[in-house]
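Me: I am new to this structure and would like to know what the terms used for it rest on. Please set each value against its definition.

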Amino acid sequence: MSADPPSDPQPLRLEVEDLCVERGGRPVIDGLGFSLASGEALLVTGRNGAGKSTLLRAIAGLLPHRRGRVAIAGAKEEEPAGLLHYLAHADGLKAPLTARENLDFWARFLGGGGLAPERALERVGLAHVGEAPVAILSAGQKRRIALARLLVANRPLWLLDEPTSALDRAARERLAEAMRAHLAAGGMIVAATHEPLGLPEARELALGARP
């Protein structure tokens with residue numbers, strides 16, 4: 001007699017309620033609320049200064065919020081920090097280390113459970129630079145290594161700040177494939193962007209710049 005198959009994991013939901021975040025004593029985001037279910041993506045758009053990066057940093061727990069709630073419902077711990085990847089404008093790479101060594105570090109730091117660094121580099125088209133110091137690589141290659149970080153540790157929520165920055169067309173297509181695969185596996189994505197990301201089913205949240 002075979003054992004019963006394992007039950008499906010509890011679906012997750014990102015919940016943002018009545019969020020207020022200030023910068024310099026003035027509200028950049030005020031009264032914002034939305035929810036995002038497993039398999040869904042949200043594209044955050046708006047002019048420079050509208051609060052796109054501020055929103056991502058607040059969700060990631062890197063900025064305090066004056067009011068409101070950010071949680072991932074359905075997780076053992078509702079605090080999002082241990083359940084997310086945050087990809088900022090800066091690539092977060094150590095220049096003296098090789099591409100593979102950088103991904104080794106992030107896999108250990110973030111808890112692993114994803115692809116091996118070599119496989120992640122292959123997925124972003126950089127298998128040939130795995131042993132090269134990051135310091136000698138181009139801006140586009142560094143960005144692709146930063147994106148490979150998403151693949152070496154399993155975390156359900158991806159927060160991406162202008163993820164296509166410095167990427168050529170082929171690299172953007174690879175990114176779109178990775179995002180679609182993440183969503184198909186039940187992941188969630190919140191991406192601040194000025195450009196289409198190849199996610200036609202994604203919802204849009206347009207933020208207005210404050211005077």
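Me: Why is Glu162 called buried?
Reply: Buried means under 20% relative accessible area, exposed means over 50%, and partly exposed lies in between, with a 1.4 Å probe and protein chains only. The relative accessible area of Glu162 is 13%, so Glu162 counts as buried. This is a predicted model, in which local features need pLDDT of at least 70 and side-chain atom pairs count only at pLDDT 80 or more, while totals for chains, interfaces and linings use all residues. Residues are numbered from 1 along each chain as its sequence is written, and side-chain values use heavy atoms, with hydrogens and water left out.

Me: Where does Glu162 lie, and what is its phi?
Reply: Glu162 lies in the loop between β6 and α5; helices (H or I, at least four residues) and strands (E, at least two) are DSSP runs, numbered from the N terminus. Its phi is near 50 degrees, a positive value in a residue other than glycine. Most residues other than glycine have a negative phi.

Me: What makes Ala166 partly exposed?
Reply: The relative accessible area of Ala166 is 47%, so Ala166 is partly exposed. Ala166 is placed in the loop between β6 and α5, and its phi is positive, about 70 degrees, although it is not a glycine.

Me: How do you know that Asp161 is buried or exposed?
Reply: The relative accessibility of Asp161 is 2%, so Asp161 counts as buried. Asp161 is part of strand β6. Contact means heavy atoms within 4.5 Å. Leaving aside neighbours within four places in sequence, Asp161 is in contact with Ser53, Leu56, Tyr86, Leu87, Ala88, His89, Arg143 and Ala192.

Me: Why does Thr54 count among the buried residues of α1?
Reply: Thr54 has a relative accessible area of 8%, so Thr54 is buried. Leaving aside neighbours within four places in sequence, Thr54 is in contact with Val21, Arg23, Val28, Ile29 and Leu63. The C-alpha atoms of Thr54 and Ala192 are separated by 9.9 Å, with the two residues 138 apart along the chain.

Me: What makes a set of residues a nonpolar core, and how many residues has the largest one?
Reply: A nonpolar core is a set of buried Ala, Val, Leu, Ile, Met, Phe, Trp, Tyr and Cys residues joined through side-chain atoms within 4.5 Å. The largest nonpolar core has 33 residues, and those with the most contacts inside it include Leu103, Ile145 and Trp158. The largest share of this core, 7 residues, comes from α4.

Me: How do you know where this core lies relative to the domains?
Reply: Domain 1 (11–83 + 158–210) and domain 2 (87–155) both give residues to this core, so it lies between them. The domain bounds come from an automatic or database domain assignment. A second, separate core of 30 residues includes Leu14, Ile29, Val190 and Ala192.

Me: What area do domain 1 and domain 2 bury between them?
Reply: Buried area is the accessible area (1.4 Å probe) that two parts lose on being put together, summed over both. For domain 1 and domain 2 this comes to about 1,300 Å², 58% of it on carbon and sulfur atoms. In domain 1, Trp158, Asp161 and Arg174 lose the most area to domain 2, together 34% of what that side buries. In terms of contact, 18 residues of domain 1 meet 15 residues of domain 2.
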